[in-house]
Structures are given as C-alpha cells and as structure tokens.
Amino acid sequence: MPDDTEIAPREIPDAPSAGSLVPSPPPLAGDGHAVRRWFSEIEDEPVPVADGTLAGARSAASAYARRAKADNTRRAYRAAVRVWCLWCDRHGLTPLPASGADVAAFLADERGRGVSTETLKLRRAAIRYLHRLAGCPVPTDDACVAETMAGIQRDAASRGEIRRKKVAATATVIRRLLAPIGDTELTDLRDRALILVGFAGALRRSELAGIRIEHLTPSERGLRLTLPQTKGSQTEAVTVALPYGDTELCPVHALERWRVAAGLQRGPLFRRIWSPPSGRKGRERTEPPGPVIGEQALTPQSVALIIQRRAMAAGFGRRDLGGHSLKRGALTTGMERGVHPARLKRLGRHKSYDVLGEYLEFGDIFDGHPLDGVL
C-alpha cells in the first residue's frame, strides 16, 4: 500500500501532457501477447497534467479510475490476465473480447489442473476488469460463467476442501515466537520489534512494511502510528495506538531498541539486513564486515517470510503462521479477554462485523456453549 497521504492536488512537472496520454485502443481480436502488453501499459500510465481540454479531463478521469484499486489487487489482476491470455493463445481463442462460454471453459480447465476456488474467483474478476477497461461487453456476466463457478464451488465443498486459515498469533503464541529470538543481533531486534508492533497494532503485513519513522508520534501512553492508507480506508489516514506495556510484549520498548541499534532517524522503519561476503588479504581470508542495513523498506512478502521463519524456529509448521497471523492473534486475544466487539472492530479497522468475524479464531467449541447448564 502506498505510504504518502494525498493532501492537496498538485502538478507533477515531469508528468506527460494529457494529449500524449490518451490510452491506446485495446487490441480487439488480437493475440494474447498484444492484450497482455496493452493491459500492462495502460495500468502503468500516469495521471496527466491538466491542459484544460475535454480530452485531457477524460484521460485524467480514466487514470484516476484505474487507481481506485489497491496495488496488490492490480498486481494480482496482471498475473491473472497473463494466465487467461496464455490459455486463449494455446486454444486459438480471442482473449478480448471473449465469450462467456470460453471463460467458463477456462475456469473449468483451471480447476481440473487443481487451481483453488479462491484463485479462480480472482481470475474471473480480472477478466471482468479487463473487459470493462477495454469498453467491451463483459463475458463473466453470462449465466454459464456463474453456473460453472457455482458448480466448481459446490464440488469443492463436497470434497471437503476448506480454506485453511493461518494460525492466530495470540499472546501465548507471540511469547513462543519470541523465546528463541536473541536480544543483541540486529536481525533479532528488528524481527522482535516487527512481531510486537504487528501484534499490538493488529497490522497487516503490507501495513507493517509501509511504516516510516515519520509516521510515529510519541505520547505519554505510547506511540501513535499514522497509517496514510489501509485496506479499509483507501482515502483517509488512520491512527493506531501502540501502547506502553509492562511485559516482554511491549511494542514501544522493542521498537526503540531496534531504532537505536540500527541508528534510524527517518525513512522506512523495517528494512532488509544482510552480511557482505568476507574479503581476502593476501592468502588469508579477512573477517567479514558487520551487517549492512538497507535503505529500502521490507516488502510485504518479506514480512510474511520473516514471520514464517520465526514460527518454524519456535516449532510451528512451515505453513502454520503467515502475514495475517499477527492481526488475527491480536483480535482473538482481545476476544478471549472479553473486549467489546465494537472495540475489536476499531482495532482491526474493519468496516463490518462480518469481516471482523473472519479474523477471530475460536478455541474449543464446547467451551462457553450457550446451552451449558440447560441440556
């Protein structure tokens, strides 16, 4: 997710004029390679500088509309359009515009190769977006596509295929994760701070990766973290509380230790660390230099891999924990402590209670059964 909040419209001197940014027409009846290239190019086109013309205003409107979707969604759509176009090329079909029957066949074929229902839904959405962007009739609205997808989902359910959620990193799990982590090495200090900040703030991996030191404001009770943009709030900044704690789970103390050890004053908070190779002096190998802290922020994928690696070191399975585990763990811990759902919803920055429920992990289904003492 982007790091900077838009405060006021401003012109970018290096941006092209609107006249040079009129989108090229989609390659109708073209091959898959041409469609993929067009889709990628039009997604990358910047917003033009206003030139006072109607054509320029329409071009700018189109560019802004394409930015309505999150970066992660746009990347996923590009990958899905690539798969769709390659499939069409392989079968001699036209990917744009496409027929509903061809899209249904594509989904069925992909399912036969073992693709999950969640991935198929994403690919169907990408094909819909591709056609709308090109101004073509949308084939995914055809009844045959909806029925094919419904049949795929019903068949998956009958086979017992259940979407497996990552383990919630509750307070108990967090302590287990931290136990093998040292307190002197830079990578240990960084990963400890990353885990505790993610847990205390109920943060997604993309939100963790996007934190800059300028987003942190000290207060008497902890740190105020400003998220310029979140999944639930694409246009307004959100403030998250990182409170002081009295235990080893205090995110503020862990974060400060990392910042001091890394000498960070501004810029990305969580960064890549690596050790340069050792050199040679004469015939003898010299001692390798100390670890180097990069200038760029960790990627969301790197955050997920760090959590996964720390989970494995603590005895969990390779796929047990992931990028969503910290957020799920924070909300589940709050639920277990009897925190009101409205406060959990606020902590998780969810728009609805239905979405909040997806992040909660319930324990033994017999504990606290509503009919205890009645049956």
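This report covers the helix packing and nonpolar cores of a predicted model.

## Overall make-up

The protein chain contains 14 helices and seven strands. Of its 375 residues, 41% are buried. Contacts between residues at least 6 apart in sequence were also sorted by separation along the protein chain: 64% of them join residues at least 24 apart.

## Nonpolar cores

The largest nonpolar core has 50 residues, and the members touching the most other members are I174, L208, W258 and F270. At least two residues of this core come from each of helix 7 (171-178), helix 8 (186-200), helix 9 (205-209), strand 2 (222-227), strand 3 (238-243), helix 10 (251-262), helix 11 (300-313) and helix 12 (325-336). Helix 8 gives the largest share, eight residues.

Leaving out residues up to four places away in sequence, F270 touches R190, A193, L194, V197, L208, I211, W258, Q296, A297 and L298.

## Helix pairs

Two packed helices are described by the angle between their axes and the distance between the axes.

| Helix pair | Angle between axes | Axis distance |
|---|---|---|
| Helix 4 (residues 100-112) and helix 5 (residues 117-134) | about 155 degrees | 10 Å |
| Helix 4 and helix 6 (residues 143-158) | roughly 15 degrees | within 8 Å |
| Helix 12 and helix 13 (residues 341-348) | about 165 degrees | 10 Å |

Helix 4 takes part in a pair with helix 5 and in a pair with helix 6. With an angle of about 155 degrees, helix 4 and helix 5 are roughly antiparallel, because angles over 145 degrees count as such. Their crossing is right-handed. On the helix 4 side the contact is made by V103, F106, L107, E110 and R111, and on the helix 5 side by T117, L120, R123, R124 and I127. By type, the residues of this contact are five nonpolar, one polar and four charged.

The angle of roughly 15 degrees between helix 4 and helix 6 is under 35 degrees, so this pair is roughly parallel. Helix 4 passes helix 6 in a right-handed crossing. From helix 4 the contact takes G100, A101, V103, A104, L107, A108 and R111, and from helix 6 it takes C144, V145, T148, M149, I152 and A156. These residues divide into ten nonpolar, two polar and one charged.

Helix 12 and helix 13, at about 165 degrees, are roughly antiparallel. The crossing of helix 12 with helix 13 is right-handed. K327, L331, G334 and M335 of helix 12 meet L344, L347 and G348 of helix 13. Four of the contact residues are nonpolar, two are polar and one is charged.

## L130 in helix 5

L130 lies in helix 5. Its relative accessibility is 0%, so L130 counts as buried. Apart from neighbours within four places in sequence, L130 is in contact with V35, W38, F39, V81, W84, P95 and L96.

How values were computed
Residues numbered from 1 in each chain as written. Predicted model: local features only at pLDDT ≥ 70, side-chain atom pairs only at ≥ 80, totals over all residues. Heavy atoms only, no water. Axes fitted to C-alpha atoms, helices over the stretch in contact; angles between N-to-C directions. Helix = DSSP H or I, 4+ residues; strand = E, 2+ residues; numbered from the N terminus. Parallel < 35°, antiparallel > 145°, perpendicular 65-115°, else oblique. Left-handed = near helix turned anticlockwise from the far one by under 90°. Contact = heavy atoms within 4.5 Å. Nonpolar A, V, L, I, M, F, W, Y, C, P; charged D, E, K, R; others polar. Core = buried A, V, L, I, M, F, W, Y, C linked by side-chain atoms within 4.5 Å. Buried < 20%, exposed > 50% of the residue type's maximum accessible area, 1.4 Å probe, protein only.
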